[in-house]
Structure formats: structure tokens, C-alpha cells
Amino acid sequence: MRTAVRGQADSSEALLRRMAARRRRDNVLVAVLAVFAVLGGGHAILSLFASDPPGPSDDTTTTIVGHAELAGSFAEQFVVTYLSATAGQQERIGEYVSAGQQSALPSTARQVSDPSVVYVSREKSAGGLDVWAVTVSVRVGKAGATTDEARQFYRVAVSLTEGRLRALSLPALVQPPARGPDLALAYRSPCGTDTPLSQVAAGFLSALLAGSGDVVRYTAQDAGIVALQPAPFSNVELVSISSDDASCGAGNGPARILATVNPKSESGTAATLAYPLTMVRTSGQWQVRSIDSIPALSNPLAIVGDGDAHSSGTPGTSTAPPTTSVQIPPAKQN
């Protein structure tokens, strides 16, 4: 009997201990929630229990790009229609913008040509409604004008709802996009014509552009580069080579170079071309691994000019390649 009573007492004491421990945990949770409520309001509390929002997906990106193209195309059509409309053609404008917009149209039509969408930005988004700001560039001149007119830039606000497009207001004539800053390139070392990098680059570009030699001789095995067919030029004159490799190929690489050439055709010299290349050394021989999509930039990125007032930069940081013209040497491997 005493054993049973003692067992019941032990069970009661254990239950009381568990209840006390649970109460302490509850008090701690309440205190934490109270702190969140003070710091961030109800949203902070709910966010503890809410799942993470879905990240961007390919479908979302495709949709946004598609909507941007729709808004841009609509704005381009609106600007061309509006600028070329004359008095008595208000119904044409009503296809794009509310009739409540007060507009005065000229009596003589203007010549509008060469439209181009130069900038698109999504300014607002709520549910299925997006508002886009679109800048359109056109040439506007008098009717019958034969000379090229300066480009003008017009901004239009466009709403997009379930594929339906509407301008929020009439176009606004705005400043053209500002000229951007110049970025420092990574090619700090000019390379002479007798350096390994210059010789391989010269032979490669001659084979690529003029069909002089086999381009495979100058490219890495997995480069996948083929010569342009038919060859667009009859000859290529190397202007300069600059590299991020101070030894210009005396080391083991890899190396990035910027090669500028003056191509020539049957009709004469064409405009200078620049090729950013990445080169590797395999079995003692330099080869072109890729024609890079952009020139190599300094790391970290650095601005050497503000766009409107170009400066020469800090001494020793100029990335301009040398201007001495040289003839491309006969194709050979180094």
C-alpha cells in the first residue's frame, strides 16, 4: 500500500515538473513574440511561420522580357503615329491614349523615320498590372525633307494589363541618354611584333579574316573557332597588341590580349577592328582559346573617364595600346 501511494506521489510530482517546464517555455515564446511585435509589427511575427517566397524562375524572366517587348513596341508605334499625325486625326491618337488628353496637332504632317526603342523600365507592378516607362528615338523632319535630321528622344508611360496596352499620357520630348564613363581595361602591357603573343595573334586574325593560312593552327583544340567564309578581306594589317601579361608570352600563361587590325579589301582599307582574345600555352605553343565577348576589365573595376570630360587618368594607368603599325608576319607557330 505504501508503495502504491509513493508511486502516485512520484507521478504527481513528475507531472507538476513537466507542467512547470512547459510554462517556462511558453513564457519564453511569448517574450520573443512580444519583442518581434515591438521591432517589426505583426509582419515580423507572421514571417516566422510563413514559407520563403519563391525565387525567380526562367518562366518569370521570360514573361517580364515579353512584357517589356510589348510595351516597347506599343510605345514606338504611338510615338511615330503621334508625331506624324495632323489636325483632324484625333481618332488615330485615341487608339493609344485616352481622349481626355488635350492635344493640338499640326496642320502639316512631319516626316518621322528610323524609330528605335532605346530604353524600357518597369516602374510599377501590382497584381496583373504593370506600368512601363519607354524611351523611343526617332528622326523628325519636315515633309519631303531629303537630309537626315538629328535624332529626338520621346518618353512614354505604358500600362499593360493581361496583354492590353494603353499610354497613360502623351509623349514627352526628353534628353538623349547620357554618355557613360570609360572603364579601365586589363591590357596594361604593349607587345612588340616579335613577341610570341603578337605573332600568334597576327597569324590567327589573318587566317580568320582574310583566309591566309589555316585558323586551326592557331586555336586550342576545344576553341571551336572557324574562319569567316567567304573571307571578308584580302589582307589584314596588325596595328597593335596589348596584354595583361607583362612578358607578352615569355611565361606559361594564360594571357588576355587586345589586338587591333586594319583590314583591307579590294575596294581599299576598311575601318579598324579590335579583337579581345584569351590565349593559352599548350605543349610550349601559344594558341587562341576564345574570342571574348567583351574586353578584359581591370579588377576591381575602375573608371578612367567620366564620359563627358575625358581625362588622361592617373599616370601609369593608361590602357591605350601603342599606335605603331606593323605588317603581319608569315603564318607560323611559336
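Is cysteine 191 buried or exposed? I looked it up first: cysteine 191 is buried, at a relative accessible area of 9%. For my own reference, buried is under 20% relative accessible area, exposed is over 50%, and partly exposed is in between (1.4 Å probe, protein chains only).

**Ground rules**

I am working on a predicted model, where local features need pLDDT of at least 70, side-chain atom pairs count only at pLDDT 80 or more, and totals for chains, interfaces and linings use all residues. Residues are numbered from 1 along each chain as its sequence is written, and side-chain values use heavy atoms, with hydrogens and water left out.

**Disulfide**

I searched for cysteine sulfur pairs within 2.5 Å, the cut-off for a disulfide. The count came to 1 disulfide. The partners are cysteine 191 and cysteine 248, with S to S at 2.1 Å. Cysteine 191 sits in the loop between β7 (189-190) and α4 (196-210), and cysteine 248 in the loop between β8 (235-243) and β9 (255-265), so the bond ties together parts 57 residues apart in sequence. I take helices and strands as DSSP runs numbered from the N terminus (helices H or I, at least four residues; strands E, at least two). I then checked the torsion about the S-S bond: about -85 degrees, so this disulfide is left-handed. Cysteine 248 is buried too, with a relative accessible area of 4%.

**Salt bridges**

Next I looked for a side-chain nitrogen of Lys or Arg within 4 Å of a carboxyl oxygen of Asp or Glu, which is what a salt bridge means here. That gave 4 salt bridges.

One of them joins aspartate 114 to arginine 139, at 3.6 Å from N to O. Aspartate 114 is in strand β1 (residues 110-126) and arginine 139 in strand β2 (residues 129-142), 25 residues apart. I have aspartate 114 down as partly exposed at 42% relative accessibility, and arginine 139 as partly exposed at 24%. I also noted that Asp114, Arg139 and Arg151 are linked in a network of salt bridges.

Aspartate 130 pairs with arginine 122, at 3.8 Å from N to O. Here aspartate 130 is buried, at 6%, whereas arginine 122 is partly exposed, at 37%.

Aspartate 244 bridges to arginine 256, and their closest N and O atoms are 2.8 Å apart. Aspartate 244 lies in the loop between β8 and β9 and arginine 256 in strand β9, 12 residues apart. Aspartate 244 comes out partly exposed at 31%, and arginine 256 partly exposed at 32%.
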